[in-house]
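Hello,

Here is the structure you were expecting. My notes on its interfaces follow below.

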Amino acid sequence: MSDPLNPVIVGAGPAGIRAAEALARHGVRPVVLDEAASCGGQIYRQPPPAFRRSGASLYGTDARRAAAVHSAMAWALDRVDYRPGTLVWNAEAGALDVFQGDRTSTVPYSHLVVATGATDRVLPLPGWTIPGVFALGGAQVALKYQGCAIGTRTVFLGTGPLLYMAAYQYAKAGAGVAAVLDTAPFGSKLAATPALLRQPRILAKGIYYLAWLRAHGVALHEGVRPVRILGSRRVAGVIWSDGQRERELACDAVGLGYALRSETQLADILGCRFTFDPGQRAFRPEHDAAGRSSVAGVYLAGDGAGILGADAAEWAGERAALALLEDAAVPVDRARAATLERRLARSAVFAAGLERAFPLPADWAAGAPDDLVVCRCEEITAGDLRAAVRDAGAHELNRLKALTRVGMGECQGRVCGLAAAEILAHAAGLAPEAVGRFRSQAPVKPLPFTVLGTQPRKPA
Amino acid sequence: MTERHLPEDVAPLLTRVAETARERVTFTLDGRTLGALEGDTVLTAVLTTVGHLRHAELSGAPRAGFCLMGACQDCWVSTESGERLRACSTPIEAGMRLVSGRPSLR
């Protein structure tokens with residue numbers, strides 16, 4: 001290769017786009033690989049071409065941010081090698097295996113920015129596999145990307161700021177909202193206020209959603225304990241406890257989520273060192289303040305590196321690109337780099353505040369009934385997991401996977417990983433960090449059977 | 001729409017609340033000709049018509065996807081020719097011939 005600087009960015013959400021823009025501004029032309037058909041990630045996801053809604057209607061109070069991110073990518077399009085609709089399904093030192101259209105190929109890299117984003121953090125409850133229950137972010141995707149509501153009387157259940165945001169978006173779009181059921185008590189939010197004041201714009205947004213929902217008569221309940229979702233072939237209602245008694249609420253859909261979790265499979269396959277983040281109650285890949293992972297030449301940015309939110313993702317993407325350039329001996333604006341790091345440090349305080357305001361229910365595993373399906377793919381129950389702990393002495397997550405198939409299905413534990421770890425830790429009497437995490441395996445997402453083994457690997 | 005042919009328990013799951021002025025496209029589901037809108041995903045096209053996408057492989061319980069962003073893999077459906085599609089990230093195409101309601105064979 002004539003040019004030794006051959007960076008690849010995985011992901012075209014706010015982090016990936018700002019990384020691409022920063023590299024392009026320094027005269028470097030990265031390859032940008034993104035699984036989606038158009039850029040923006042989940043938060044700034046753009047509807048298909050036939051859709052006509054305005055940015056204000058799609059993104060609400062984030063419309064200006066969304067427009068800025070989209071136009072940064074529009075500017076960069078001539079200056080980067082953008083490959084939408086491309087799944088990175090495996091990685092090794094210096095090369096990525098990708099799937100695009102109907103073929104696989106290999107994309108070489110000298111430096112890699114991993115900006116793989118986040119998905120919903122989910123804790124199951126009985127009935128969560130009934131049609132009409134969608135992940136909270138999925139409920140938002142249905143509305144934003146397809147102009148559809150998941151129901152006509154939707155309950156938003158779980159915790160986190162997105163719970164209120166999604167309810168607001170649904171109500172505003174004229175889709176019925178039956179209630180917001182938040183497992184976090186009011187007191188935890190009050191205690192977190194000082195930390196949340198570090199990002200007043202986002203705090204103000206949250207308070208606005210809350211006030212709007214109250215003013216429009218949407219039922220908001222805090223400190224709830226979810227009991228079960230009713231229905232057989234579709235959702236009919238939710239039973240929850242207010243601490244005193246069980247209450248039943250009729251609805252035809254549920255948006256379920258407990259904030260977000262990092263999408264870390266690629267970092268794991270690349271061999272990045274992971275650390276347990278007690279705030280997020282999960283392992284995440286280690287990185288320095290600039291985004292350098294433990295593997296030379298691999299940089300981590302955005303929510304895939306730890307949940308800091310969309311604004312921070314933009315800063316982290318740009319900062320990681322500057323780190324990449326610095327490491328390649330390209331001169332960069334060090335004052336700008338320092339500014340970005342200061343903003344990211346503030347974002348980390350804010351994110352810790354959010355985890356305090358909307359904590360995962362600490363007693364979830366203890367209350368999960370034995371017949372609760374934990375793993376949607378393989379239909380493994382909490383009782384199956386507990387039996388493996390009791391009868392086979394499993395005390396590590398990959399051992400539990402081998403014994404029960406939990407996390408072995410097509411989602412690779414993306415959906416059930418947290419729940420499986422919590423059940424295991426509780427049953428074995430261990431701390432969650434002591435039970436480890438699912439090892440990621442290629443392909444990180446299913447490929448058509450016809451692809452593997454039939455096509456020679458060639459550089460793209 | 002031939003609603004009378006659809007059993008009660010498979011009433012549409014998703015409700016359109018915006019962007020309904022798009023061009024119509026037709027596809028088939030289990031041999032029935034149905035309408036969708038240009039820009040729909042396969043998931044939207046099916047779930048604005050019926051109540052589920054597939055059945056869980058072990059229990060046979062109905063499933064309708066979950067994450068809608070390509071992570072959970074709970075929305076794979078088949079075409080009549082046996083091609084597997086992830087419904088949440090595949091656009092519907094005019095003339096697509098989809099199969100729903102049967103447990104997939106692996």
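**Domains and interfaces**

Chain A is assigned domain 1 (7–119 + 261–354), domain 2 (122–258) and domain 3 (364–435); the bounds come from an automatic or database domain assignment.

This is a predicted model: local features need pLDDT of at least 70, side-chain atom pairs count only at pLDDT 80 or more, and totals for chains, interfaces and linings use all residues. Residues are numbered from 1 along each chain as its sequence is written, chains are lettered from A and ligands numbered from 1 in the order in which they are written, and side-chain values use heavy atoms, with hydrogens and water left out.

**Domain 2 against domain 3, chain A**

The C-alpha centres of these two domains of chain A lie 26 Å apart. Contact (heavy atoms within 4.5 Å) links 7 residues of domain 2 to 9 residues of domain 3. The buried area is about 810 Å², 70% of it from carbon and sulfur atoms. Buried area here is the accessible area (1.4 Å probe) that two parts lose on being put together, summed over both. Leu123(A), Pro124(A) and Trp128(A) supply 60% of what domain 2 buries against domain 3, more than any other three residues.

**Chain A against chain B**

Here 48 residues of chain A are in contact with 42 residues of chain B. The area buried is about 3600 Å², and carbon and sulfur atoms give 56% of it. On the chain A side, Phe134(A), Arg233(A) and Glu379(A) lose the most area to chain B, together 18% of what that side buries.

The rule finds 5 salt bridges between the chains. Glu19(B) forms a salt bridge with Arg53(A), with the closest N and O atoms 2.7 Å apart.

Strand β10(A) runs antiparallel to β1 (residues 15–16) of chain B, joined by 2 bridges. Strands are DSSP runs (E, at least two residues), numbered from the N terminus. Two strands pair if DSSP finds at least two bridges between them. Cys148(A) stands opposite Arg16(B) in β1(B).

Best wishes

Note on methods:
A salt bridge is a side-chain nitrogen of Lys or Arg within 4 Å of a carboxyl oxygen of Asp or Glu. Helices (H or I, at least four residues) and strands (E, at least two) are DSSP runs, numbered from the N terminus.
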